[in-house]
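Please read these points with the sequence and the model open side by side. They cover ring pairs, salt bridges and one surface patch.

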Amino acid sequence: MVGNADGIYNIISTTRTYPLVGGKFYLLNHIWRTVDSVEEWVEKQDFKTTADISVPPKLVDQVIGQDEAVEVIKKAAKQKRHVILIGDPGTGKSMLAQSMVDFLPKEELEDILVFPNEEDPNSPKIKTVPAGQGKYIVKQYQEEANKKKAERKMSMQMVLFLLIFIGIFAAWVTHDYSFLFWSIFIAIFLYAFTGPSMQREEKAMVPKLLVSHDANSKPPFVDATGAHAGALLGDVRHDPFQSGGLETPPHTRVEAGAIHKAHKGVLFIDEINMLRIESQQALLTAMQEKKFSISGQSEHSAGAMVHTEPVPCDFILVAAGNLDALQGMHPALRSRIRGYGYEVYMKSTMEDNDENRRNLVRFIAQEVKKDGKIPHFTKEAVVEVIKEAQKRAGRKGKLTLRLRELGGLIRVAGDIAREDNAEFVEAEHVLRAKKLSRPLEQQVADRWIEMKKEYKTFLDKGEAVGMVNGLAVYSAGSGMAEYSGIVLPIVAEVTPAQARDHGRMIATGKLGDIAKEAVENVSAIIKKYFGKHITNYDVHIQFIGTYEGVEGDSASISVATAVVSALEGIPVDQSIAMTGSLSIRGQVLPVGGVTAKIEAAIEAGLKKVIIPSSNYLDVILDEEHQDKIEIIPVSTVEEVLKNALVDSPKKEELLKKFEEIQGYK
């Protein structure tokens, strides 16, 4: 789907850039600050490679940019509170959850055993003992069972020997060897049918160790993401031999669920909304009661009749997901967590300052150490990774916190360096890795864009009436931070209305809801500027080549320019591309994916690009695209037309009309 990926952005009230030796001064919201270039900053740092960077031993100290979430996690762990972590993928939710076990007491760990119930075999008994003792208890029962097994075996051997001896003696006395035959036959029969049953009886005496810990082990961290009901809540295995003395003892078929394995520890469930409502209800019960019986999850299984005593499951639940995950959560489950715990919204970007840059350098060292198969990074390679973090943030003065994706880039760069037999990862390895580390969906998107370029449906020079080179991004719904830009030609044509005063604005191109609303906003602006006579015309707007659809409002200034050009007959400069949203008062508002859009304009051979002024500091071009295009920031639709329309008397007259209208000076 072609779209604009617009998000929520803070509008910058004042945006100016002033040159300064060693960096730049930026005025953001009337606040001055100095920012060194990445190259200069890295050069000042006291390390040669990331091998010189120390990695904190505690997992919680390795979390980057989520200071508020870290504080909440520490409190929740110490007070045993449940937590909901909501945010973009790869921002550290699972890492935070896993770090909680470092703050839980080890001395509270327990082993859980399931014992046979002589009165009702289908209701096994549950017993808890301190951590590490479960193995010894099972071992004692096993030794006792082996002892009884040996005694029974000896008794059986004596009986069999006696039978055979009687057969031999009877055959010798009577000279009838049929006695010997029948004694041997009876001995074999007894051994075949009583031997296995004796073994089953001995096995039925031994309890099963359901949950086990070592005396010095950490509290458990159990990831139950995507677990089905049996894996989450426990289950009883099916027994194909249900009668005739061949059945397996019920207590040995009991299997612990994730909630029981997480007893005295942390249960982590990502994409909590994907859990079935019935499982969420059961999870809520387990949280409230701190114990949950195990029974067969399948009604057609032999285990369906087995129902254990309540099994302890005193865990801390960490539920995670994207923002839409809240809609799929059971209201009572969320209420339980809110009432007895915390909700945290994860950050997706952090400030681009000295401290956070140092954190990113440490992150590279952490990833190298964690992977264990790639070399460390040189200063030049670190520069490229930090630049990529700036670019993926999508906003000037920010660094991305979608570190899982950045970690993928680091590992790919390391693999390339290893393939080249390089001692360290160099800048060239990171640059090559940028192309290889794109998500699969994005690779598909880029090939689609390349195909579109072969069938060039736009002009990159000259002039044309009612035709504008808009810009959009293609994200392929990958959920990743990267976008691929594309030139989106937009054409407008004006025809007489079929009925007087019944003119319409008709847009084609498989528009989404937001795109349709954007066209309506443009219609309001056009009516204000051109008066009632526009109702005598039908304005047709076509988004060319958008077979997959258009969504978002970043094409608003492109639509407005195309319509004005068609109405007034003023040509548009075809060497210009543009992107920007419009308010109904004619103000140009910020959009998303601005860097990817500018890169698309550069690759298409265009000379200028018009973007919202509030997006100007969000532009982060790499060396390949720097100084390849003139960037024109604008704040009003009047500024857009002034730069996009070809100079002519009609243009001057149009701009004067704009100046005369109150509120658009």
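1. Is phenylalanine 268 buried or exposed? This is a predicted model, and in it phenylalanine 268 has a relative accessible area of 1%. With the limit for buried set at under 20%, phenylalanine 268 is therefore buried.

2. The structure contains two aromatic pairs. In one of them, the ring centres of phenylalanine 115 and tyrosine 141 are 5.6 Å apart and the planes stand at 70°, so this pair is edge-to-face. It links distant parts of the chain, 26 residues apart: phenylalanine 115 belongs to strand 6 (residues 110-115) and tyrosine 141 to helix 4 (residues 133-174). Phenylalanine 115 is buried at 13% relative accessible area, while tyrosine 141 is partly exposed at 36%.

3. The rings of phenylalanine 221 and phenylalanine 268 have centres 6.0 Å apart and planes at 25°, so they count as stacked. Because phenylalanine 221 sits in strand 9 (residues 221-223) and phenylalanine 268 in strand 12 (residues 266-269), the pair ties together parts that are 47 residues apart in sequence. Phenylalanine 221 is partly exposed, with a relative accessible area of 25%, whereas phenylalanine 268 is buried.

4. There are 22 salt bridges in the structure. One of them joins lysine 135 to aspartate 214, with 3.1 Å between the closest N and O atoms. The two residues are 79 residues apart, lysine 135 in helix 4 and aspartate 214 in the loop between strand 8 (208-211) and strand 9. Lysine 135 is partly exposed at 43% relative accessibility, and aspartate 214 is partly exposed at 45%.

5. Lysine 398 and glutamate 351 also meet through their side chains in a salt bridge, at 2.5 Å from N to O. This pair connects strand 18 (residues 398-400), which holds lysine 398, with strand 17 (residues 349-351), which holds glutamate 351; the partners are 47 residues apart. Which of the two labels, buried or partly exposed, applies to lysine 398? At 15% relative accessibility, lysine 398 counts as buried.

6. A salt bridge of 3.4 Å, N to O, joins the side chains of glutamate 388 and lysine 434. Glutamate 388 counts as buried, at 8% relative accessibility. Both residues belong to a network of salt bridges that links Glu384, Glu388, Arg392 and Lys434.

7. Which residues gather in the patch of negative charge on the surface? They are Glu43, Glu380, Glu426 and Glu428. Glutamate 428 lies in helix 13 (residues 427-436) and counts as partly exposed, at 47% relative accessibility.

8. One further contact concerns a loop. Glutamine 297 lies in the loop between strand 13 (291-292) and strand 14 (311-312). The C-alpha atoms of glutamine 297 and alanine 229 are separated by 7.2 Å, although the two residues are 68 residues apart along the chain. Glutamine 297 counts as partly exposed, at 34% relative accessibility.

Technical notes: Residues are numbered from 1 along each chain as its sequence is written. This is a predicted model: local features need pLDDT of at least 70, side-chain atom pairs count only at pLDDT 80 or more; totals for chains, interfaces and linings use all residues. Side-chain values use heavy atoms; hydrogens and water are left out. Patches are made of residues with over 30% relative accessible area and no salt bridge: like charges are joined within 9 Å, nonpolar side chains (Val, Leu, Ile, Met, Phe, Trp, Tyr) within 5 Å. Accessible areas come from the Shrake-Rupley method with a 1.4 Å probe; for residues, only the protein chains shown count as cover. A salt bridge is a side-chain nitrogen of Lys or Arg within 4 Å of a carboxyl oxygen of Asp or Glu. Lys and Arg count as positive and Asp and Glu as negative; His and the chain ends are not counted. The place of a charge is taken as NZ of Lys, CZ of Arg, CG of Asp or CD of Glu. Helices (H or I, at least four residues) and strands (E, at least two) are DSSP runs, numbered from the N terminus. Buried means under 20% relative accessible area, exposed over 50%, partly exposed in between (1.4 Å probe, protein chains only). Rings of Phe, Tyr and Trp (its six-membered ring) pair if their centres lie within 6.5 Å; planes under 30 degrees apart count as stacked, over 60 as edge-to-face and the rest as tilted.
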